[in-house]
Amino acid sequence: MSAPAQTRASAFVDEQRLAGRLDAMARIGATEKGGVNRQALSADDAQAQRELVRWGEALGLKPSVDAIGNLFLRLEGTDADAAPVMSGSHLDSQPTGGKFDGVYGVLAAFEAVEAIIASGVRPRASIDIVAWMNEEGSRFAPGMMGSAVFAGARELDQVRAVTDQAGVSVAAALADVRESLHDVPERALGLRPAAFVEAHIEQGPMLEKEGLTIGVVTGIQGKRTFKVRVDGEAAHAGTSTRAERKDALLAAIAMVQALADAMHDAEDIVKFTVGRFDVKPSAPSVVASSVDFSIDLRHPDSDTLTRLGDRIAPICEAHAGVCTVQVTELSTAMSLDFPERMRAVIREAAARLDLPHRDILSTAGHDARYLRAVCPSGMIFVPSHLGLTHCEAEFTASADLAAGTRVLADVLAELAS
Ligand code: GLV
Ligand code: MN
Ligand code: MN
């Protein structure tokens with residue numbers, strides 16, 4: 001039997017307190033146009049983590065970090081032997097990110113835990129609030145590094161060796177962040193949670209369009225990411241003839257156009273993105289010697305994703321001309337479903353709170369993808385205004401943020417009881 005409404009954790013969720021913390025975090029790495037640039041393992045990311053630790057300690061939560069830089073705040077349960085229930089998301093952002101992607105899930109978990117404490121019911125299992133390291137994958141690609149290593153899907157040493165555009169390794173950047181959290185104890189990798197729940201903004205328009213407050217996330221569509229390196233030869237723009245040139249830029253453009261044509265579907269389901277395109281030496285009077293570009297390919301049907309992704313290397317090779325091309329797959333993640341039991345717990349909590357809800361597939365990626373492989377996992381969505389995200393205009397009304405947090409609070413209280 002569930003607790004009566006007035007003693008449920010959700011009754012103690014404070015919309016203003018949550019909004020205040022989101023505002024405070026949005027000031028760390030704030031951009032001029034009202035967004036956030038708080039890329040993984042930057043000084044701003046470290047500051048956000050310190051702030052979270054400070055808030056947690058004020059609430060009596062125990063902080064810890066693991067070897068890949070995931071940050072945890074623990075509310076101790078009554079049963080020290082019980083596996084913890086986990087909830088959170090990420091504090092890092094895209095370079096022109098919004099104020100809600102990721103940080104909402106961390107602060108919703110924080111507010112939910114504060115509400116659980118205020119409800120006076122001490123959970124049996126501990127509850128860990130978590131901020132996963134580098135979900136976005138913008139500075140260090142591919143993303144979801146923290147959750148992938150936590151879940152054993154990627155090797156710690158391999159991830160530590162990844163470098164950013166400036167040549168800084170994850171290992172070096174991690175050491176800087178660790179230094180700024182020097183008083184936070186280390187926790188071992190390999191712990192298996194009892195369950196994981198991630199609250200997140202929808203990042204699509206459906207909930208708002210349908211006038212609904214809560215999305216019960218059914219699963220996450222699949223995604224394959226690639227890096228492509230095209231090598232040509234630098235030459236003088238005035239003296240070299242067309243016949244002599246090995247123009248890496250023209251070859252790369254031909255590849256991207258051919259890929260876009262091949263990925264085109266009348267139904268507009270395939271998601272094909274070349275978000276990074278780096279030309280060297282990038283000088284007006286020099287023929288391009290090399291181009292590095294990224295590919296992000298997504299589709300809800302795993303067979304289609306496999307088929308389309310497998311076409312990428314042959315298409316690039318067919319359009320290389322006199323240049324050479326190397327295609328490297330960075331990450332392969334097929335579509336997945338969250339277990340119905342977790343969806344039911346979320347759905348029932350939303351229904352008890354009289355919040356209009358629906359089942360919804362996540363077309364964006366989330367850390368819950370990796371957690372799902374190690375424990376029962378689920379996600380709660382709240383509306384995103386116009387579906388705008390990965391941009392500074394990202395917005396969700398504070399009443400909706402609080403509603404998702406109420407659902408989360410009751411779900412965590414139930415899972416940890
Ligand atoms: C996550 O940020 C994604 O790119 O889906
Ligand atoms: Mn996110
Ligand atoms: Mn994101």
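1. Between domain 1 and domain 2 the salt-bridge count is zero. The criterion is a side-chain nitrogen of Lys or Arg within 4 Å of a carboxyl oxygen of Asp or Glu. By class, the side of domain 1 that touches domain 2 has five nonpolar, six polar and one charged residues. Here Ala, Val, Leu, Ile, Met, Phe, Trp, Tyr, Cys and Pro are nonpolar, Asp, Glu, Lys and Arg are charged, and the others, Gly among them, are polar.

2. Some ground rules. The model is predicted, with local features needing pLDDT of at least 70 and side-chain atom pairs pLDDT 80 or more, while totals for chains, interfaces and linings use all residues. Residues are numbered from 1 along each chain as written, chains are lettered from A and ligands numbered from 1 in the order written, and side-chain values use heavy atoms, without hydrogens or water.

3. Domain 1 covers 5-221 + 335-415, and domain 2 covers 222-333. These bounds come from an automatic or database domain assignment. The C-alpha centres of the two domains lie 34 Å apart.

4. In the interface, 12 residues of domain 1 contact 14 residues of domain 2 (heavy atoms within 4.5 Å). About 940 Å² is buried between them, and carbon and sulfur atoms give 44% of that. Buried area is the accessible area (1.4 Å probe) that both parts lose on being put together, summed over both.

5. Which residues surround ligand 1? They are E135, E136, K223, R298, A364, G365 and H390, each with a heavy atom within 4 Å. By class, this shell has one nonpolar, two polar and four charged residues.

6. Polar side-chain atoms lie 2.6 Å (R298), 3.2 Å (H390) and 3.3 Å (E135) from an oxygen atom of ligand 1. The protein buries 93% of the 190 Å² that ligand 1 exposes when taken alone (Shrake-Rupley method, 1.4 Å probe).

Conventions:
Buried area is the accessible area (1.4 Å probe) that two parts lose on being put together, summed over both. A polar contact is a pair of N or O atoms within 3.5 Å; within protein, one must be able to donate a hydrogen and the other to accept it, and residues adjacent in sequence count only if both atoms are side-chain atoms.
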